[in-house]
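This briefing sets out selected features of the structure shown below.

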Amino acid sequence: MKWGVVTFPGSNDDHGTLHVLRHVLGHEAVSLWHKSRDLQGVECVVLPGGFSYGDYLRCGAIARFSPLMAAIADHAAQGGLVLGICNGFQVLCEAGLLPGALVRNRSLSFICREVSLRVESVANPFVNMALVGDVWRIPVKHGEGCYIADEATLDQMERDGQILLRYCRADGTRARDPQESGDYNCNGSLRDVAGVMNATRNVFGMMPHPEHGADPALRDVCWPDAGVPDGLRIFQSIAGWIADRGQRSAVDSMR
Amino acid sequence: MAQQHVDLQVAREHGLTDDEYERLTRTIGRTPTIEELGVATVMWSEHCSYKSSRFHLKKLPTEGKRVVQGPGENAGAISIGEGLAIVFKIESHNHPSYIEPYQGAATGVGGILRDIFTMGARPIASMDSLRFGSFAHPRTRYLVHGVVAGVGGYGNSIGVPTVGGELIFDPGYDRNCLVNAFTLGVVEESRLMSAKATGVGNLVMMFGSRTGRDGIHGASLLASAEFDDKSEEKRPTVQVGDPFLEKLLLEATLEIQKGDLALAVQDMGAAGITSSTVESAYRGELGIELDLDQVPLREQGMSAYEIMLSESQERMLLVTKPENVDAIRAVCDKWDLESAVIGRLTDDRTYRVKRHGKEVIALPVDLLADPPALQRPSAEPAESTAEFRLDDLPEPRDYAQVLRQLIASPNLCSRRWVYQQYDHYVGAATTVHPGADAAVVRVLGTDLQVAMTVDCNARYTLLDPYLGACLAVCEAARNLVAVGAEPLAISDCLNFGSPERPEIMWQFEQAIAGIRDACAAFETPVVSGNVSFYNETDGRGIPPTPTIAMVGLLRTPQPLTPWFKAEGDVIMLLGRTREEISGSEYAAVVHGNTQGLPPWVDLEAERRLQQVVLEAAGRDLLRSAHDLSEGGLAIALAECCFLAPEGIPALGARIRVDETMRADAFLFGESQARMLVSVRREHVATVRDLANEAGVAVAVLGDVGGGMLEFDGLASVSVAELRSVWDSALEKLVNG
């Protein structure tokens, strides 16, 4: 399949994401320049981490006005897949392609560490190489990753399976009382939300960085023979879903 | 504006000595203009000219078969094979960080990053060596918070991982903190860029930020003078960083390099336009003509003097052929950066500057760029710190308690609070993250992995600057070897007090000799570096601190890590333990004693140890390796028990205690040339043979297993408890 990775001025994880897509996954991946409106026929657009436009004004607030974002909104409106990671998630929220917003970490400090994530929903294009309740280990690195939305929106997303990943303890448990989630919820996100999908189930944003938990060559140092790295499962999920869709449409056209 | 009068008094106020002013007027045969005086002052400042250190720096070994670029450019470079070179340097930003910690540290990171990409290399990793006063000093916490946030704020935004470093607290830094920033980049050897201007008639361009009134006289007034009560007033000389702009500058510079559009590139750091243009012209043995009316300015009405001395950040200078100007402008436009042609190269070796059509500076380039090196007097301090009697230190009764106390002490507890504020993942290349002996980063597109570390134990250098500097190099090398890397080269950051005091010059000379001897023994040349003098306040200097940044190449397919891997593995100690306690963290923390000599130095023993560890690692005989340094064997063992990343169970250890010496020397002494390894039981004999053949002492200390760290008959402490104390101590201290 063909991936596109956006480069805004200030994007930092574009190189790392391209590396994983090309050399770990072995797929075609192109760089998409923010001043262009041409998505080059990619099947999934990735908005990478970084500090687009310096994160000045507010994270993602300026990036949403770039020419490329108009093309990405069209792509999403036509059912195309969009994955936003960290700053990419912030941009998608600012652009209204995802509900909610990301604000400053409760600690007021930048946080860079590996976290545990509980898989909450698997019938979707982004997280399907897993079972509900699986615990993933993927790094976070952000200063403004505290996810907020109003209660009604959170209730609705929970009901419709739009919350795909939540912060949790290493054993997969979460605190009953949100006040006691500080040991695992690294940024204070409401209801421990780490990644959410839109209602039409084709746009997904997450604060943790799957591209930094995807390369076995890096994981092996600490976790030899640990199998498929959890971050890689995100990209494999998307690739698998696209491949299935391709097969389905091929079968449809034969009929 | 009326032309400001210049005389000896004005020159003195600028910081010129009478001799220097005399030399200036004599050489040009007239009274200099105020702009000429300003330019000469910054170029001849200690910070820019290295006038006190140059004579001594020449003694350092700078050559080796891998050296592609030694000292003299923006950074040094060594070959790593496959047509690639790594470019690296460590640099100080001490004075600004004390005055304004966030911006001081941030622009320190920005400055070192520019030094690396100026050479055409893409930065792939940064480290920082930070030193603060004791927690008893009222400014320490403010500085720690500000500096750490500044390093992170800049490094995280620009997208270069901060993969390691060191953090030291000592009352000697109460009134002068140290912020030493290191960056390493990768470049195709054939595309390494130079700052040397070439070709008469070629054009000089600037790109990046506009020039403002910030940082004027940072190099001369702030960095080249000691602190006193009024130092806070120098805040306006500290620059303000914009990492977003620097990210654009980085990408644009590398694109210009890729297109072969520039003949020379030079960043604008200390002394801004002045230093960058003078140095480029000097290196190319040319003259230069600048028209300041072409310089993009942030505000109206800036004088020639202000423009020349501004240290506005995120600006670059380049030299190009006239036919490439449009292509360079196109790259700058793509990245939304301003660019301007501000001058041209001439053949008369004269530095000429015009403002509003009038020539305000006309000085020989050599006069500015090459002031005489000083041979300042040096003298060994009269006061000796060597007095130390082991018997004065009572042996502790409760060793478990001492272990708990040490592991929670400021210099031995976990640095997690710091490095979790730094992005160490970006770049998708970090294989060993902060917290291990050295950081390791792979070079994407190859099988190469580069290891790096920064080290200096300034308690040792204070007691004996020669031995201490040797030991800094030794420890750096051991840290690399501990991850399976062969040490290749160093960059040094020499932080000292005022060179105008003979004791400080003596410390400096001794430290240079120490670095020289250790680097010669390990064949690790010094390819870049930085000298920071005047780290003193009211006549009290910092402990001499020659920070060593060393880089190496991995000799194993995967890096070694320090933590124990499996129950039943055997713990072995390579190298000899002597009964030495003076200068140790234990002596300082537990007994309040900082007298005596540092540990024994044996460069040959260090070299043999390095060989044995690399040989064993290369044959996959080692499950873990960890350098012994501050805190000695007991602290190293505790770390081996619990350094494993979250999610991997901690393992205990059972250790036999050597009864031929004082138990505290065995547990906490800091004898050098030692390495703690764990091996599979079936490999013990092979590792022992390797050590014996190389003449390296070897001892089986015990086994990995259980949940306790047990020292036979002396102490037994739960690993979980130690880990928790160690892990949370720094956060409590900095927020306390």
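**Structural briefing**

Arg654(B) stands opposite Glu710(B), a residue of β27(B). The two strands concerned, β24 (residues 653-655) and β27 (residues 708-711) of chain B, run parallel and are joined by 3 bridges. The model is predicted, and its scores are ipTM 0.95 and pTM 0.95. For chain B the average pLDDT is 94, and 98% of the residues score at least 70.

**The seven-stranded sheet of chain B**

- In chain B, 7 strands form an open sheet with mixed pairing, and their order is β23-β25-β22-β26-β24-β27-β28.
- The edges of this sheet are held by β23 and β28 (715-718) of chain B, each of which pairs on one side only.
- From one strand to the next, the twist averages 20 degrees.
- Strands β24 (residues 653-655) and β27 (residues 708-711) of chain B, described above, run parallel.

- Strands β4 (residues 122-132) and β6 (residues 178-188) of chain B run antiparallel and are joined by 9 bridges.
- As a general point, the strands of a sheet pair through backbone hydrogen bonds, in either a parallel or an antiparallel manner.

- Strand β7 (residues 203-208) of chain B is mostly covered, with 6 of its 6 residues buried.
- Leu203(B), Met205(B) and Phe207(B) point one way from β7(B), while Val204(B), Met206(B) and Gly208(B) point the other way; all are buried.
- An antiparallel pairing of 6 bridges links β7(B) to strand β10 (residues 315-320) of chain B.
- A further antiparallel pairing, over 6 bridges, links β7(B) to strand β11 (residues 338-346) of chain B.
- Val204(B) has a bridge partner in each of these strands: Val319(B) in β10(B) and Gly343(B) in β11(B).

**Strand β21 of chain B and its partners**

- Strand β21 (residues 545-554) of chain B is mostly covered, and 10 of its 10 residues are buried.
- Strand β16 (residues 449-455) of chain B runs antiparallel to β21(B), to which it is joined by 6 bridges.
- Within this pairing, Val454(B) stands opposite Ala549(B) of β21(B).
- Strand β17 (residues 485-495) of chain B also pairs with β21(B) in the antiparallel sense, over 10 bridges.
- Here Pro487(B) is the residue that stands opposite Gly552(B) in β21(B).

**A buried helix in chain B**

- Helix α22 (residues 632-642) of chain B has 11 of its 11 residues buried, so the helix is largely enclosed by the rest of the structure.
- Among the buried residues of α22(B) are Leu633(B), Ile635(B), Leu637(B) and Phe642(B), together with Glu639(B), Cys640(B) and Cys641(B).

**Non-glycine residues with positive phi**

- Asp620(B) has a positive phi of about 60 degrees although it is not a glycine.
- Asp620(B) lies in the loop between α21 (603-618) and β23 (624-627) of chain B.
- With a relative accessible area of 55%, Asp620(B) is exposed, because the threshold for that class is over 50%.
- In chain A, Leu108(A) is a residue other than glycine with a positive phi, near 65 degrees.
- Leu108(A) belongs to the loop between β5 (101-103) and β6 (111-119) of chain A.
- Its relative accessibility of 53% makes Leu108(A) count as exposed.

**A nonpolar surface patch on chain A**

- Tyr56(A), Leu57(A) and Ile62(A) make a nonpolar surface patch of about 310 Å².
- Of these residues, Tyr56(A) is found in the loop between β3 (44-47) and α2 (67-77) of chain A.
- Tyr56(A) has a relative accessible area of 37% and is therefore partly exposed.

Conventions: Residues are numbered from 1 along each chain as its sequence is written. Chains are lettered from A and ligands numbered from 1 in the order in which they are written. This is a predicted model: local features need pLDDT of at least 70, side-chain atom pairs count only at pLDDT 80 or more; totals for chains, interfaces and linings use all residues. Side-chain values use heavy atoms; hydrogens and water are left out. Patches are made of residues with over 30% relative accessible area and no salt bridge: like charges are joined within 9 Å, nonpolar side chains (Val, Leu, Ile, Met, Phe, Trp, Tyr) within 5 Å. Accessible areas come from the Shrake-Rupley method with a 1.4 Å probe; for residues, only the protein chains shown count as cover. A salt bridge is a side-chain nitrogen of Lys or Arg within 4 Å of a carboxyl oxygen of Asp or Glu. Helices (H or I, at least four residues) and strands (E, at least two) are DSSP runs, numbered from the N terminus. Buried means under 20% relative accessible area, exposed over 50%, partly exposed in between (1.4 Å probe, protein chains only). pLDDT is the predictor's confidence in each residue, from 0 to 100. Two strands pair if DSSP finds at least two bridges between them. Axes are lines fitted to C-alpha atoms, for helices over the stretch in contact, and angles run from 0 to 180 degrees between N-to-C directions.
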